[in-house]
Amino acid sequence: MIRNYHESDRPALFCLWKERAETLGYAPLSQAQFCALLLDHPDFSHEFTFVLEENGSICGFVSGCTGAHIPKGNVRGYISCLILSEKADTDSNTAALLLALEKAFRQAGKSYSAVTFFNPIHLPWIIPGTDGHQHNNAPGVAVDLPLHGRMLSLGYRETTRETAMHLDLESFTIPEKIRKKEEKMAAEGYTVSFFDPQKHQGLDEMLQDLQNPLWIEEINAAAKAGTPVLVGLYGNTVAGFTGPIYPESTGRGYFAGIGVAPRYEHHGLGKLLFYTLCHQEKEAGAKYMTLFTGETNPARCIYLEAGFQIARTFGVLIKEL
């Protein structure tokens, strides 16, 4: 039987998560962490969470979310996770749970079901081959999991692939060639500094030029709160950004993204911002960094040059309902 989630299912869902999530690559979570990240998240919904029950025992669940406050949430429903017990982990059970969620999205007036980084519910996963290093979210479904192929067979299309990248910061230093490039850029008026609202202008204009609603909200909020944000400058005008700078409790150096306004591109600001970010995260106490980037994103060359290694590949999946 497939039915909507009830509050009384909370212990069973955590037991299922504890049993199976780590085998799928998710980070280990305590019950309190699991509830905070999923069941008690402001965007968690009973309406869009379904459990698979057999002989009175829950052996699987799928959870999704939507809402006009989420990017593209006016037309999309987002899948947060799908977990099945080892015995119940079949193509047919996967399909049954996904179809139940898709029906709920359709009844709510949504046109698409998707797994993308726009989902506000973030579930951390472990970087393969590391001593517990983790990333705080996934932009899609890992291509090495059966779920990826199953979703493709059920009508989902892969719009792009995102590669997860990892860098151990212990031995990271800014190369001499980047330092020399920094000197040359400074002579041309381009520098990198922490944002200072008393000295620098044009932060909001730069963010608007980049047309990323998540960056607009997060970077403006960080700047107002006084959280260190690195900016690329042309004189005193903000031309790009990266950050905010702070180590997460896991030891990961946080990374929201990196962007340079179109009219300031091709001067080396993006590369200088990124190397400075890695250095400042290390100085702040971060042990490692992780990030996602598209397989065809030119910035990927910067990350690889800085020493990042590809750790896992994810497919961004969308289905028209």
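I take a salt bridge as a side-chain nitrogen of Lys or Arg within 4 Å of a carboxyl oxygen of Asp or Glu. R161 is partly exposed at a relative accessible area of 29%, and E158 is partly exposed, also with 29%. Buried here is under 20% relative accessible area, exposed is over 50%, and partly exposed lies in between (1.4 Å probe, protein chains only).

Notes on the source: this is a predicted model, where local features need pLDDT of at least 70, side-chain atom pairs count only at pLDDT 80 or more, and totals for chains, interfaces and linings use all residues. Residues are numbered from 1 along each chain as its sequence is written, and side-chain values use heavy atoms, without hydrogens and water.

Next I checked R10, which forms a salt bridge with D40 at 2.9 Å between the closest N and O atoms. This pair links distant parts of the chain, 30 residues apart: R10 sits in helix α1 (residues 10–20), D40 in the loop between α2 (31–39) and β2 (49–54). Helices (H or I, at least four residues) and strands (E, at least two) are DSSP runs, numbered from the N terminus. I noted R10 as buried at 18%, and D40 as partly exposed at 46%.

Then I turned to R179 and E182, whose side chains meet in a salt bridge (3.2 Å, N to O). Both are in helix α5 (residues 176–187), 3 residues apart, so about one helical turn separates them. R179 is partly exposed at 33%, as is E182 at 26%.

The structure holds 15 salt bridges.
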